[in-house]
Amino acid sequence: MKNKLKILRATKNISQEELAKHIEVSRQTIHAMEKGKYVPSTVLALKLSRFFEQPVEEIFELEEDD
């Protein structure tokens, strides 16, 4: 699953650590999502959507093999 987390973080000028604290996960979780190594739960995807004020579909994109 592709995502735009790194780009969205850059637009808000926040670190992985700051984002992690805001949505109550570890920095490692944010890092893994940005690298495409972790697919978030529905709850986590919705928290990110709310934080960035973007629809989930704007943040995450299914790839052909998903």
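Colleague: Which helix does Ile 59 lie in?

Modeller: Helices are DSSP runs of H or I with at least four residues, strands are runs of E with at least two, and both are numbered from the N terminus; here Ile 59 lies in helix H5, residues 56–59. This is a predicted model, in which local features need pLDDT of at least 70 and side-chain atom pairs count only at pLDDT 80 or more, while totals for chains, interfaces and linings use all residues. Residues are numbered from 1 along each chain as its sequence is written, and side-chain values use heavy atoms, with hydrogens and water left out.

Colleague: Is Ile 59 buried or exposed, and which residues is Ile 59 in contact with, leaving aside its neighbours within four places in sequence?

Modeller: A residue is called buried under 20% relative accessible area, exposed over 50% and partly exposed in between, using a 1.4 Å probe and protein chains only; Ile 59 has a relative accessible area of 2% and is buried. Contact means heavy atoms within 4.5 Å, and, with neighbours within four places in sequence left aside, Ile 59 is in contact with Lys 2, Asn 3, Lys 4, Leu 5, Leu 8, Leu 48, Ser 49, Phe 52 and Gln 54. The C-alpha atoms of Ile 59 and Lys 4 are separated by 5.2 Å, although these residues are 55 residues apart along the chain. Ser 49, found in helix H4, counts as buried at 13% relative accessibility.

Colleague: How many residues does the largest nonpolar core have?

Modeller: In soluble globular proteins, nonpolar side chains tend to be buried together. A nonpolar core is a set of buried Ala, Val, Leu, Ile, Met, Phe, Trp, Tyr and Cys residues joined through side-chain atoms within 4.5 Å, and the largest one in this model has 15 residues, with Leu 19, Ile 23, Leu 48 and Phe 52 making the most contacts inside it. Helices H1 (5–12), H2 (16–23), H3 (27–34) and H4 (42–52) each supply at least two residues of this core, and the largest share, 5 residues, comes from H4. Ile 23 touches Ile 30, Leu 44, Lys 47, Leu 48 and Phe 51, when residues up to four places away in sequence are not counted.

Colleague: How many aromatic pairs does a search of the whole structure find?

Modeller: Rings of Phe, Tyr and Trp (its six-membered ring) pair if their centres lie within 6.5 Å, and planes under 30 degrees apart count as stacked, over 60 as edge-to-face and the rest as tilted. The search of the whole structure finds 1 aromatic pair. The rings of Phe 51 and Phe 52 have centres 4.9 Å apart and planes at 85°, so the pair is edge-to-face. Phe 51 is buried at a relative accessible area of 17%, and Phe 52 counts as buried at 5%.

Colleague: What sits over the ring of Phe 51?

Modeller: A charge sits over a ring if NZ of Lys or CZ of Arg is within 6 Å of the ring centre and within 35 degrees of the ring normal; in this model the charged end of Lys 12 sits over the ring of Phe 51, 5.1 Å from its centre.

Colleague: What pattern does the chain follow, read along the sequence?

Modeller: The chain has 5 helices and 2 strands, and along the sequence the pattern is β-α-α-α-α-α-β. Buried residues make up 33% of the 66 residues in the chain.
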